[in-house]
Amino acid sequence: MGIVSVQQLGKRYGEFWALQDCSLEIPEGSVFGLLGPNGAGKTTLIRCMLGFIRPSRGKAFVEGFDCETQSLPVRERVSYLPAETKLFRTMKGEECLEFFASIHPRGDLGRAKSIADRLGLNLNRRVAFMSTGMRQKLAIACVLSCRSRVIILDEPTANLDPTTRQTVLELTSEANQQFGATVVFCSHVMSEIQEICQYAAFLKSGTVVEAVRLDAIEPVHRVRFKSSAPDSASVLFPGNKFSVVGSTVTLELRGEITPFLPSLQSSEIRDLTIDLASVQVIYDRVHNLG
């Protein structure tokens with residue numbers, strides 16, 4: 001059993017099943033990506049794991065504690081960043097950090113202030129006068145500062161600029177590698193999952209339809225370029241999936257990228273971009289987008 005174990009979990013609202021036969025094992029010490037479109041059941045799953053809502057059937061456990069009947073010890077071991085954070089509007093940033101550090105048994109005010117500093121957050125400003133991005137930074141500092149056994153982050157980089165997004169990914173990796181936290185990382189940004197997660201699960205219509213270890217799947221690179229002879233892609237890259245729109249070619253190259261580099265150096269190719277897209281390819285297949 002993983003540090004988080006979900007067993008045939010189901011949640012029904014009337015005739016609608018938000019979760020149905022959902023099973024998942026999250027290994028201790030991992031960063032585990034949770035992927036799915038809006039309405040796939042990610043938030044419902046998290047709320048069942050935290051004991052916020054009661055499942056209609058099945059079980060979920062955190063460190064062996066039943067999330068339904070032992071929700072208090074579960075929440076003592078978890079730090080949770082919801083997709084829509086609610087903070088006290090009349091408090092200053094520093095007062096928020098002090099409050100949340102004091103109520104969580106594993107809170108660490110010093111680390112919270114250090115994270116806020118790395119995020120460039122002005123702690124003297126009241127929450128009511130903070131931008132959406134600043135409030136997100138404050139919530140991240142509250143959550144990642146706790147030395148919890150499990151950290152659950154639901155869309156942590158939403159509303160953040162690219163530089164801050166990267167800092168949040170670094171802080172998440174540090175919580176995992178330096179402090180041993182198991183991290184559940186929900187995101188719509190495939191590159192984030194690809195960068196920091198060791199495992200990923202794909203939800204569709206309330207069910208985990210596929211779970212993978214990322215270092216065990218075949219690498220797939222998505223290559224885009226403009227070419228004066230776009231139809232030559234079928235000759236330069238035989239057997240690989242590609243599409244052509246005007247002069248722009250999009251390729252999916254499976255396996256290591258090195259053997260394809262000589263062909264990508266053709267004088268006909270310009271504006272070349274290469275992205276590791278293994279997670280995106282699985283997501284597209286699961287949701288019939290590819």
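This report walks through a predicted model, one region at a time.

## How confident is the model?

Let's start with the scores. Across the chain, pLDDT averages 91, and 99% of the residues reach at least 70.

## A six-stranded sheet

Now for a sheet to get your bearings. Six strands line up in the order E6-E7-E8-E3-E9-E10, making an open sheet with mixed pairing. At its edges sit strand E6 (78-81) and strand E10 (207-213), each pairing on one side only. On average, neighbouring strands in this sheet are turned by 15 degrees against each other, ignoring direction.

Look inside the sheet and you'll find strand E3 (residues 31-35) running parallel to strand E8 (residues 182-186), with four bridges between the two. One spot to look for is Gly33, whose bridge partner in E8 is Phe185. Helix H5 (residues 132-144) packs on this sheet, where it touches E6 and strand E7 (150-154). The direction of H5 makes about 170 degrees with that of E6.

## Around Val6

Val6 belongs to strand E1 (residues 4-13). With a relative accessibility of 1%, Val6 counts as buried.

Val281 is another matter: 275 residues separate it from Val6 in sequence, and their C-alpha atoms are 25 Å apart in space.

Lys241 has Glu252 in E13 as its bridge partner. E12 and E13 form a hairpin with two residues between them, and in the turn Gly246 has a positive phi of about 65 degrees.

## Aromatic pairs

How many aromatic pairs does a search of the whole structure find? It turns up seven. In one of them, the rings of Phe99 and Phe100 have centres 5.3 Å apart and planes at 80 degrees, so this pair is edge-to-face. Both residues are partly exposed: Phe99 has a relative accessible area of 30%, and Phe100 has 23%. Together with Phe88, Phe99 and Phe100 form one aromatic cluster.

Phe225 turns up again here, paired with Phe237 in a tilted arrangement, at 6.4 Å centre to centre with 45 degrees between the planes. This pair links distant parts of the chain, since Phe225 is in strand E11 and Phe237 is in the loop between H8 and E12, twelve residues apart. Phe225 counts as buried at 3% relative accessibility, and Phe237 does too at 1%.

## Cysteines without bonds

You won't find any disulfides here: the structure holds zero. For Cys96, the nearest cysteine sulfur is that of Cys142, 5.9 Å away. Cys96 is buried, with a relative accessible area of 0%.

Technical notes: Residues are numbered from 1 along each chain as its sequence is written. This is a predicted model: local features need pLDDT of at least 70, side-chain atom pairs count only at pLDDT 80 or more; totals for chains, interfaces and linings use all residues. Side-chain values use heavy atoms; hydrogens and water are left out. Two strands pair if DSSP finds at least two bridges between them. Axes are lines fitted to C-alpha atoms, for helices over the stretch in contact, and angles run from 0 to 180 degrees between N-to-C directions. Contact means heavy atoms within 4.5 Å. Buried means under 20% relative accessible area, exposed over 50%, partly exposed in between (1.4 Å probe, protein chains only). A disulfide is a pair of cysteine sulfur atoms within 2.5 Å. pLDDT is the predictor's confidence in each residue, from 0 to 100. Rings of Phe, Tyr and Trp (its six-membered ring) pair if their centres lie within 6.5 Å; planes under 30 degrees apart count as stacked, over 60 as edge-to-face and the rest as tilted.
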